[in-house]
Structure formats: structure tokens, C-alpha cells
Amino acid sequence: DAIVEREKLRRERIESLRGLLHTMAESLDIRHVFAEISDVVRGGLPHDILALTSWGEDGTSFRIYAMAGALVDDPAFWAPVTLVGDDVAQVQRNAYVLHDVESEIAPDTVRARIFRQLGARSALRVPMPLRSHVFGSLFFLSRETGRFIDDDVDFARRVADHLALALSHERLAEAARRDAEAREVAARLEAQVATLTRELESR
């Protein structure tokens, strides 16, 4: 029975990753389809809230980049947050599972405040790679304690890798757009210079 159950879970997670690729292909900006991403991934790893954070270049700040499963109207929730003390150390940590948020993290930390605001009782976190750097963290949150186990970390990492691929494509597309705009501006300036040169020559 255990073997059958593990094989069933493995197949569900493979299908979930396939669906994730199709969902991400629908948009260059994963924030536009993050709710759909959460729905697809839920088939492989049940969760109530999926959240993606991005770290500041200085490594001591972060902000919520995308979230599905909860609505927060407070503008301060989405603003960059500066980290101090234990929160700074947590930024660079590897993947971890929190079985009971209230008993496993200090109540005065930034994570505890955000988890309370979202009603999260347990969490799974994996770092979000982006080429040779780390973009931020991917959080799977549940409003029940003990939702996640250590065996879930591998699948969560695979989801993060897929999202990192989408982010990489998103940034490449943004860079290509900026290059196209720069070339367009350069072409307009070149045309203006040519026009002014002809006017000066005619005078």
C-alpha cells in the first residue's frame, strides 16, 4: 500500500509540473498567472497560500513579489521590508519546513508577523534560484499545523526551478524590449541630426 501510495503521489507531481509549464507559457509575467500556478501546483503539493518573495541587492531587505490564496489590501504588506537580527540570518537559509509556526519561530520576527497576517500555521520554504544568484524565496503556506513534511522539499525545489525559468525568460524579454526602445530612440535622434545637418548645409 505504501509503495502504491508513493507511486500515485509521484505521478500526481509529474502531472502537476507538466501543467505548471503550460500555465507559465501563457504569460511572460508570472504574476499575471500566479493564481493559476498555485492551482496547478496544489495537485502535487496541497497548500492554502503560495507566495514568492524577492530579495534586495543588499541582502537585508525583501518584498512580496507575487501571492495567491490570500487578499491583502494593506500597501505596507507589499512594500520592501528591511530585515534585522534573526530575520537576516533566515534570508540565506536553505529549504526548511515549519510544522507549527507559533511554536517554531519567535513572535517578534518579520516572518511571524506576515504569517499571522495571512493566518498561516505551517510553512515550507525553498530558495528561488535565478541563474547564478538567488531571486528570493518560494513559500507554501497552510492554515493547518503539520501540513508539510521534509519529503515535500524536493518537489517544492522543482517548482521553484520551473518558476526561475519563467523569471529568466521574463527578464530576457524585458531586456529585449528595452533594447528595442533604445534602438528606436537612437534612430529618431539620428534622423533629427540628419535633418539639422541638411538644414545647416542649405543655409
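Which residues line the second largest cavity?

Author: Happy to. This is a predicted model, in which local features need pLDDT of at least 70 and side-chain atom pairs count only at pLDDT 80 or more, while totals for chains, interfaces and linings use all residues. Residues are numbered from 1 along each chain as its sequence is written, and side-chain values use heavy atoms, with hydrogens and water left out.

The residues that line the second largest cavity are Phe62, Arg63, Ile64, Ala76, Phe77, Ala79, Val81, Arg113 and Ile114. Two or more lining residues come from each of β2 (61-68), α3 (75-78) and α6 (110-118); helices (H or I, at least four residues) and strands (E, at least two) are DSSP runs, numbered from the N terminus. A cavity here is a set of points, on a 1 Å grid over the protein atoms alone, where a 1.4 Å probe fits but cannot get out, and lining residues have an atom within 4 Å of a point.

By class, the lining has 7 nonpolar, no polar and 2 charged residues. In this scheme Ala, Val, Leu, Ile, Met, Phe, Trp, Tyr, Cys and Pro are nonpolar, Asp, Glu, Lys and Arg are charged, and the others, Gly among them, are polar.

Let's stay with β2, which gives the largest share of the lining, 3 residues. Of the 8 residues of β2, 7 are buried, so this strand is largely enclosed by the rest of the structure. Buried means under 20% relative accessible area, exposed over 50%, and partly exposed in between (1.4 Å probe, protein chains only).

Strand β2 has partners on record here too. With strand β1 (residues 49-55), β2 pairs in the antiparallel sense over 6 bridges; two strands pair if DSSP finds at least two bridges between them. Phe62 in β2 stands opposite Trp55. The hairpin of β1 and β2 has 5 residues between the strands, and there Gly59 takes a positive phi near 75 degrees. Strand β3 (residues 81-82) runs antiparallel to β2 and is joined to β2 by 2 bridges. In β3, Val81 is the bridge partner of Phe62, and both Phe62 and Val81 belong to the cavity lining.

Note on methods:
On a 1 Å grid over the protein atoms alone, a cavity is a set of points where a 1.4 Å probe fits but cannot get out, and a pocket is an open set with protein on both sides within 12 Å along at least five of seven lines; lining residues have an atom within 4 Å of a point.
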